[in-house]
Structure formats: structure tokens, C-alpha cells
Amino acid sequence: AKETGKQDVAKTKLVVGADATFAPFEFTDPATGKYTGFDVELIQAICEEAGYELDFRSMGFDGLIAALQTNQIDAVISGMTITEDRKKIVNFSEPYYKSGLVVAVQEKNNQIKNFDELQGKKIAVQSGTTGALHAEKATSKDKITYFTSSDQAMLELKNGAVDAVVMDYPVTAYFIQQGNKDVKMVGEILSAEEYGIAVPKEKTETLEKINTALKTLKENGKYGEIYKKWFGEEP
Ligand code: GLN
């Protein structure tokens with residue numbers, strides 16, 4: 001049935017890619033089987049504001065940029081850090097979340113207390129991430145095990161197959177808080193990072209629409225509402 005008073009205009013589709021194994025940013029809600037999280041709700045709100053119909057697709061993190069470059073997807077929202085290297089091949093929206101990396105070890109580990117003590121240790125990381133890059137600076141490559149998803153890297157740590165994981169702080173904190181008390185974070189949070197929404201270089205209009213919508217949502221309180229829901233505090 002048609003709603004009266006509303007125009008029946010077909011919306012432009014926005015195909016958005018994410019690696020939906022990155023709670024609390026994008027993951028499958030076990031209760032409903034649907035994608036949920038801060039990024040998911042933010043992109044839903046952005047699409048609503050900008051007049052897009054959202055088509056959300058999950059894929060491995062290390063394939064997201066290639067999917068953008070080959071125009072399989074129009075945008076990425078996936079806890080993706082804005083980096084100089086990535087900026088050479090894709091464009092980013094204004095930052096929407098301040099993040100950083102942290103070292104995680106088993107609760108019973110009293111050897112590794114910070115990032116400097118990772119030298120020669122076995123580390124699990126998620127492929128293609130800033131965490132992987134930092135691990136490569138901290139120890140030799142043959143000591144690093146690469147996984148498609150962050151869950152798998154954490155499982156490797158829980159199983160004791162590696163000594164540490166280098167991963168985004170909010171995701172590690174959420175993982176521990178969800179009942180994984182056999183894991184702890186040590187040392188400082190490394191290097192301030194900011195997440196942005198990535199779009200192909202040539203899609204300047206898409207980027208503009210996303211930025212405008214993001215700005216509106218920050219101003220009208222909707223962004224703050226979603227932020228508070230997922231992080232329990234004001235942005
Ligand atoms: N923020 C990290 C990066 O951009 C990890 C993102 C992720 O694993 N989804 O590399």
C-alpha cells in the first residue's frame with residue numbers, strides 16, 4: 001500500500017562493504033541474525049539523510065579497498081583507519097570515530113607489558129589492517145600469523161598459539177567486556193587513529209553527500225545518540 005502524501009521516487013542504491021566481524025562496529029546480532037553495530041547504524045542514518053537505499057554487504061577486510069577500486073561497492077564503513085597509504089587510492093569522508101591500537105595478551109601473561117616487548121614474540125593479526133602493520137614493526141614477519149577476521153586472531157590468542165594480538169582498542173575492549181576474561185590489554189593505546197568512510201576516487205558526488213549527511217547527523221544529535229548507544233558516553 002502506498003503512503004499518501006509521499007512521493008514514490010525510486011532511491012539510488014548505495015552498496016556499502018564492511019567486514020562484519022568487528023564488534024561493536026559491524027557484526028551479526030546473534031539474536032536476530034542481522035548486521036548491527038555503530039557503523040551499521042551510522043551508515044543507515046547517513047543513507048536515510050542523503051536519500052540512499054542502503055545495500056550492506058559483508059566481505060573480508062583485506063578485500064574491501066580492491067572492491068572499491070573495481071566498483072563492486074560504492075563505499076566502505078568498516079572501522080577503517082584513515083591512512084596516508086589508503087588515501088593514495090581511495091577518498092575518505094570526514095573522520096567519524098577516534099580510535100587507536102592496543103596490545104592484547106592472555107590474562108595470565110606477565111611477560112609482555114607493552115608494545116616494546118613484542119620483539120621475538122608470536123603475534124596474531126587481522127590481514128590488511130593497521131594492527132598488522134604495527135606488528136610488522138614490532139617483530140619479524142615469520143612470527144606473525146595473519147587471519148581474515150579479528151575473531152580468529154583473538155581465538156588464536158585464547159588458545160595460546162600466539163603471545164599477543166595487536167588490534168583496535170575499542171574492538172579489543174568490547175571483546176573482553178563480552179566475557180572473554182582470559183584476555184587483557186597491556187600498555188598504552190598506540191597511535192591515534194581515526195575512522196573514515198572510504199569511497200572510490202572518482203565518486204566525488206557520493207563523498208560529498210556522505211559528508212553533508214554526516215555533518216547534519218552530528219549537528220542534529222543523531223550521531224551522538226548512536227554513539228552513546230554503542231559506547232555508553234557522549235562523543
Ligand atoms: N582500523 C583498522 C584498520 O583500518 C582495522 C579495521 C578492521 O579490522 N575492520 O586497518
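Let us begin with strand E8 (residues 123-126), which pairs with E10 in the parallel sense over two bridges. Strands here are DSSP runs of at least two residues, and helices are H or I runs of at least four, numbered from the N terminus; two strands pair if DSSP finds at least two bridges between them. Within this pairing, Ala-124 stands opposite Val-165 in E10.

Please note that this is a predicted model, in which local features need pLDDT of at least 70 and side-chain atom pairs count only at pLDDT 80 or more, while totals for chains, interfaces and linings use all residues. Residues are numbered from 1 along each chain as its sequence is written, and side-chain values use heavy atoms, with hydrogens and water left out.

E10 is also joined to E7, by four bridges, and these two run antiparallel. Leu-101 stands opposite Asp-168 in E10. How many residues of strand E10 (residues 164-168) are buried? Five of the five are, so the strand is largely enclosed by the rest of the structure. Buried means under 20% relative accessible area, exposed over 50%, and partly exposed in between, with a 1.4 Å probe and protein chains only.

I turn now to the largest nonpolar core, which has 48 residues. A nonpolar core is a set of buried Ala, Val, Leu, Ile, Met, Phe, Trp, Tyr and Cys residues joined through side-chain atoms within 4.5 Å. Phe-38, Leu-42, Ile-46 and Tyr-96 touch the most other members. Helix H1 (residues 38-50) supplies the largest share, eight residues. A second, separate core of 16 residues includes Val-103, Val-105, Ala-138 and Val-166.
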